[in-house]
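Biologist: I'd like to go through this one with you and ask how you back up the labels. Could you show me the structure first?

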Amino acid sequence: MKNQIVIVGGGTAGITVAARLRRAIPKADIAIIEPSGKHYYQPLWTLAGGGVLPKEATERDEATVIPKGVNWLQDAVTEFRPEKNALMTRNGKELSYQYLIVAPGIQIDWHKIKGLQGAIGKNGVCSNYAYKHVSSTWDSLRDFKGGNALFTMPNTPIKCGGAPQKIMYLAEHYFRKQGIRKNANVIFTTAGKSIFGIPKYRKTLERIVSERGIETRFKHNLIEILPESKEAIFEQLDSGNRVVIPYDMIHVTPPMSAPDFVKTIPLANEVGWGDVDPYTLQHKRYANVFALGDASSLPTSKTGAAVRKQAPVLVNNLLATMKNQPRTSHYDGYTSCPIVTGYGSLILAEFDYDGNPKETFPFDQSKERESMWLLKRYGLPPLYWHGMLKGLA
Ligand code: FAD
């Protein structure tokens, strides 16, 4: 089979790029390879885990988001053969292309934490990082009556670096509303060395953590869950010592990496991500290959908001490549993390590759605001479904 443009992955990045390409070159022969029958708006999983809305509100049939005229192959890529401009799929098809866009997202490595796979979803072990587990977070919050409530962050790149702490602020607020806060130790354990990378937003978050009596344990990397004794085992990253913390509930952000089928191929960089130029999104060795989103090597915080800015740059540079013209569009690393700090409050962090704030609004976005919560809750979802996925925003 042959298609002019093949897009691997029909998630946030794949659909956004397909929609933009469709508008730019209506006659182009475009195929998306996507195994899942469902498409998810993952940023709302934080609110679903906090009981604000049902998780079903984040799900649509994949068929409804595939742009008209784009060919959807419900299959999964297993192997890239860039020397031949071809790829292999799980159903045994060989597909060739003129141009390839790699966007299969990030892989969640549940198996890398001993004991987690058998424990997740029950007895207070929960995670917002998979659709099927989101409800376990809300169950864990409601079942919690006191003791240690742990929220972890791993030592790998993850999607949405703020999400591990967003759910913690919701939980802490929920415990206050339920009148059980005095019985609870809310503990944030992170492999990182601070609460957030960008100083402007870190300052506010440090104040919030301190005012709300949240305990922070930096350089603590979760390595094992003992569901019988309800203990979490961490490696202290400076000393290498094992640290045991008992839990009554634990929200786990699992380690993540590039999908296995991307890691092993000639398209990947030394740590497995689709190896593209950070500014043009074009592959460093194969000029007819581009990548964006969570599976790419772009050295920014992996978010849907980042994809929104990457997609037009990729499309412009792909069109230029098709016409043998120079690639003049540049991505500056823009990403955004709407950090939910409670029911009804949010800090809208926005920054670029250099960690410089790149804020949308004329006010100081490092302050907690109800307006920004309303934006996340009611404004961004329609912008996603009706703007971004249609190639309009
Ligand atoms: P995805 O949207 O994950 O899509 C990847 C697609 O590739 C999937 O549909 C998958 O089925 C498909 N695929 C996988 N394997 C193959 C294969 N072998 N062949 C073909 N296709 C394949 N972002 C924000 O901007 N703001 C937020 O507030 C925010 N909060 C978040 C909270 C949580 C809890 C989570 C989990 C994520 C959050 N994100 C947020 C991150 C955001 O959802 C991702 O960064 C974004 O979806 C990345 O887009 P993507 O297309 O690269 O990956």
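Predicted model: local features only at pLDDT ≥ 70, side-chain atom pairs only at ≥ 80, totals over all residues.

Biologist: Which residues line the largest cavity?

Modeller: Gly293, Ser296, Leu298, Thr300, Ser301, Lys302, Thr303, Ala306 and Gln310 do. The largest cavity holds about 40 Å³ of space, and the structure has one cavity of 30 Å³ or more.

Biologist: What makes this a cavity?

Modeller: A 1.4 Å probe fits there but cannot get out, so the space of about 40 Å³ counts as a cavity.

Biologist: Why does Lys302 count as charged in that lining?

Modeller: Lys is on the charged list, so Lys302 goes in that class. By class, the lining has two nonpolar, six polar and one charged residues.

Biologist: And what about the second largest pocket, how much space lies in it?

Modeller: About 690 Å³. Its lining takes in 30 residues, and Met153, Thr156, Pro157, Ile158 and Gly161 are the closest to its centre. The lining divides into 13 nonpolar, 14 polar and three charged residues.

Biologist: How do you know that S12 and S13 pair?

Modeller: Pairing takes at least two bridges, and S12 (residues 184-190) and S13 have three in the parallel sense, so they pair. In one of the bridges, Thr189 has Arg217 of S13 as its partner.

Biologist: Why is S13 called an edge strand?

Modeller: In the open sheet, the order is S10-S17-S11-S12-S13, with parallel pairing. S10 (125-126) and S13 (215-217) each pair on one side only, and both are edge strands.

How values were computed. Residues numbered from 1 in each chain as written. Heavy atoms only, no water. Helix = DSSP H or I, 4+ residues; strand = E, 2+ residues; numbered from the N terminus. 1 Å grid on protein atoms, 1.4 Å probe; cavity = no way out; pocket = protein on both sides within 12 Å on 5 of 7 lines; lining within 4 Å. Points joined across faces, edges and corners; volume = space filled by probe spheres on them.
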